[in-house]
Amino acid sequence: MIHRLLNVTLTEWKLFVTDPAAVLLLVVAGILYAFYYPTPYMNQTVTRIPAAIVDLDHSAKSRELTRMASATQQIELKSVYNDILEAEQAMAREEIFGFMVVPENMEKDMLSKKPVTLNIFTHGAYVMLHGSIGTAFSTCALTLGAVSKVKAIALSKKVPSAKAMAMRDPMPLSIQTMFNNTGSYSNYVVPSVLVVILQQSLVIGICIMGGARGHRRFRKDSRYSSVENEDMPYRYFGRALAYFLHYCCFILFYHFVIYNIFDFPRRGELLPMMVFAIVFLTSVINFGMCLSQVFLRRESSMQLFLNLSIPILFLANFSWPTYLMPKWMVWLSYILPSTFAVPAWLSIEQMGADIYDVAPKLYLLALQSVFYLILALILTHLRDKSSFKTGDM
Amino acid sequence: MLKGLLWTIKKIYFSHNIVLWMILTVLPVGVSVFMLEMFSSEIVQHVPIGILRQDDSQLSDKLEMALRSSPVLDVKMICLDLSECEHAVIRGDLQTFVVFPYDLERRALRLESPVIPVYSSGQNYLTNMFAMKELRAVVTDVGSKLFTSGFDDPVKTEIHSVGNIEGNYQGFLALGLVSAMFHLAGMLVAVYIASFPLRDQRVREFFKDVEGSWVTLAVASFVPMTIILWLEFMGCYAYTHRMLMPMSLEEFVIVSVAQLLMLLCCLGAGLTFVGVTGVMRIATGVTGVIAGPAFAFAGQTFPVMAMPFAVRCFAFVLPLTHVLYVQSVMLLGPVGLESAWHALKLMSEMALFWMGLGLFAIVHRWKYRLKRASQLPVVAEPKDAAPAVALDVPEVNKEVKA
């Protein structure tokens, strides 16, 4: 029995390492993407973003503000303009990505205790730069305001400056980042993307290898006809085992090589990692086996699924939280293994979750796996009887 | 000639090509609208947070009430100990949690500045950023009312996002994602249309239909797809843009031209892949490898200037980078015109290069296939011929091979 199963497994493995299109997806894509995706984010964080100040006040306070802004880590002060239009033009040329306007009479208004508002303008197309520039300029402006406020409190309440500072901010916050201490962009993006890469390449790869017996190219080759005429359960589980073992190697490769090279946190424990690998891969393989029965041409899956990679990534609670998505979209996302696998992988590998923490997500993945297994077996059984037919799908 | 052109267009586009119509219309438009719907709540709100109340005082009550009343935050859990909150963060139930330390009120009233620790997951960049800003604002506001309620802050700041006044996420990301979708679709459709005559061995048939003119065959194959994709792209862009500042005519014209040039570059690249590989499966795979992750390299999420030099070179070669640049500078209004014009000139040169290379490669590939096909004998098949043999009959397979 095991011999028959392993025979199919070995044959399937031999087939996909000799088919150029399958090699591209099942071998090259998994390795190439793992290096390709993290490369743009190798610097991890964005610092020294070009920015400017429009100084309409020309006072000691505005110069102090300029000095403070040029000392921040996030931005690099490129110019001090006298006119907003000049700054706008520089922003259009992308010489700067944001600027702060110091209004006329700022110092005078501050001394006469009139509230002053400083406007910060950032480029509307870049979310990351918007946050960094806004934070950097706000911190400088509020620090300047805080100094004035502390002086005012000290004078009016007749307390020493240390007490005045405590009165201004009696409960300071201390923000501790638990898992992505450096605020690295690659730590945030790449681990989620790696899971989606595994899923997409595996699903498309299985479809490329052909689903229905009539569409499997190696049936033309008499060498493999005995394997292909094997009983359906042997054929199904033998093929599935080939993909499972092959992709287990990828998970190990990501864990031991990619995570090391790109310095991602590697907190995964053995047990949750193993359980994750089993339920995730079986779920994706069964999902792929179902889909492979639908297509009449091997490349159609690739043409259709390549378009779906971005929404699939976003449906997995990546970047945009699930609770802000429309309900129908959340329900739709439950058909994809990545919806549960991405958060589970992040919990295990990035945050060091134990098996109990990720159990709810792994249960759902296991449930998905069983559902797709039953569906795939039924479809395989039905399609086994069909003759060779090509159409556009 | 015209009859041949129209006949070939009909044959290419209307001969039960489900996949072609899926990748040409349904998927690019569908996915673009889907992504817009995903961001329909526009801004981040209701970020789930937890509170660990070690201090049970009026000040803690005030802080909790203030946190509960914030639209950005959603107090999901009052934890009993640190471990409970920590595991909730690991499970993904909470984004962050705040600890009200022992004797918070007493120490604050004694001006000892008790620190309020905030533990954030840090794994989700966007929600983390919004949650931290809001937490800081809420706690500072409650704190400032404790001793200095009569003192206004002398300096206030207002952050404006130019071209995207409300900081709408659709504006930030969806415009770029729509362009990325069409960048991929342009290459995929070009690969499909250029390679399906090779796959189905129909080069000779199409060549005969266009009366032996390669130019007519190229026009029939690639002009309709370019026009269809361009119209869809413009429509999706306008639909996405409705959430931002109103679009001026200038902006619409310039962005549309940039989008057309991007599609031409993608078309040329797709043709080159088919010309070089000659097989639909492999050319599609190459397209996936190059255009699939293009959005990550194009600088909308992570700026190009912060990428390593080699990656910056790759980003420069991608047409998507330039169309995103044009879109972003046009968000700034008329001041962006000059910069957009420079980008358009560059994109025109890129489009010329890719189209030239692509057409050269594909026509050579088609010619080669035609030459090979002309060496084969023509077998006439009756219309009502039975479908191809079932391959699971080994005897028939042997006969066919023989």
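Start your tour on chain B: the C-alpha centres of its domain 1 and domain 2 lie 49 Å apart. Domain 1 takes in 2-36 + 166-374, and domain 2 is 47-147; such bounds come from an automatic or database domain assignment. Please keep in mind that this is a predicted model, in which local features need pLDDT of at least 70, side-chain atom pairs count only at pLDDT 80 or more, and totals for chains, interfaces and linings use all residues. Residues are numbered from 1 along each chain as its sequence is written, while chains are lettered from A and ligands numbered from 1 in the order in which they are written.

**A bent helix in chain B**

Select residues 18-38 of chain B to bring up helix α2. Helices here are DSSP runs of H or I with at least four residues, strands are runs of E with at least two, and both are numbered from the N terminus. At B:Val26, shortly before the proline B:Pro28, this helix has a kink of about 40°; the bend is the angle between axes fitted to the seven residues ending at a position and the seven starting there. Buried residues of α2(B) include B:Ile23, B:Leu27, B:Pro28 and B:Met35. Buried means that 20 or more other C-beta atoms lie within 10 Å of the residue's own, exposed means 12 or fewer, and partly exposed is in between, with C-beta atoms placed from the backbone.

**Into the core**

Next, highlight A:Ala52, A:Phe99, B:Val189, B:Val191 and B:Val326, the residues with the most contacts inside the largest nonpolar core, which has 242 residues. A nonpolar core is a set of buried Ala, Val, Leu, Ile, Met, Phe, Trp, Tyr and Cys residues joined through C-beta atoms within 7 Å. Helix α7 of chain B (residues 169-199) supplies the largest share of this core, 21 residues. Zoom in on B:Val191: leaving aside residues up to four places away in sequence, its contacts include B:Phe273, B:Met280 and B:Thr287. Two residues are in contact if their C-beta atoms, placed from the backbone, lie within 7 Å.

**Where the chains meet**

Now show both chains: 106 residues from chain A and 106 residues from chain B make up the contact. On the chain A side, helix α6 (residues 127-157) gives the most, with 16 residues.

Strands pair if DSSP finds at least two bridges between them. Look here for A:His123, opposite B:Val162.

Then move to β4 of chain B (116-120): four of its five residues are buried, so this strand is largely enclosed by the rest of the structure. Strand β5 of chain A (173-177) runs parallel to β4(B), with five bridges, and A:Gln176 has B:Tyr119 as its bridge partner. Strand β3 of chain B (96-100) is antiparallel to β4(B), with three bridges; there B:Val98 stands opposite B:Val118.

**Two last stops in chain A**

Select A:Phe280 in helix α11 (residues 270-292). Buried or exposed? A:Phe280 counts as buried because it has 29 C-beta neighbours inside 10 Å. Beyond residues up to four places away in sequence, A:Phe280 touches A:Pro337, A:Ala341 and A:Leu365.

Finish at A:Asp231, in the loop between α9 (225-228) and α10 (232-261). A:Asp231 counts as exposed because it has 9 C-beta neighbours inside 10 Å.
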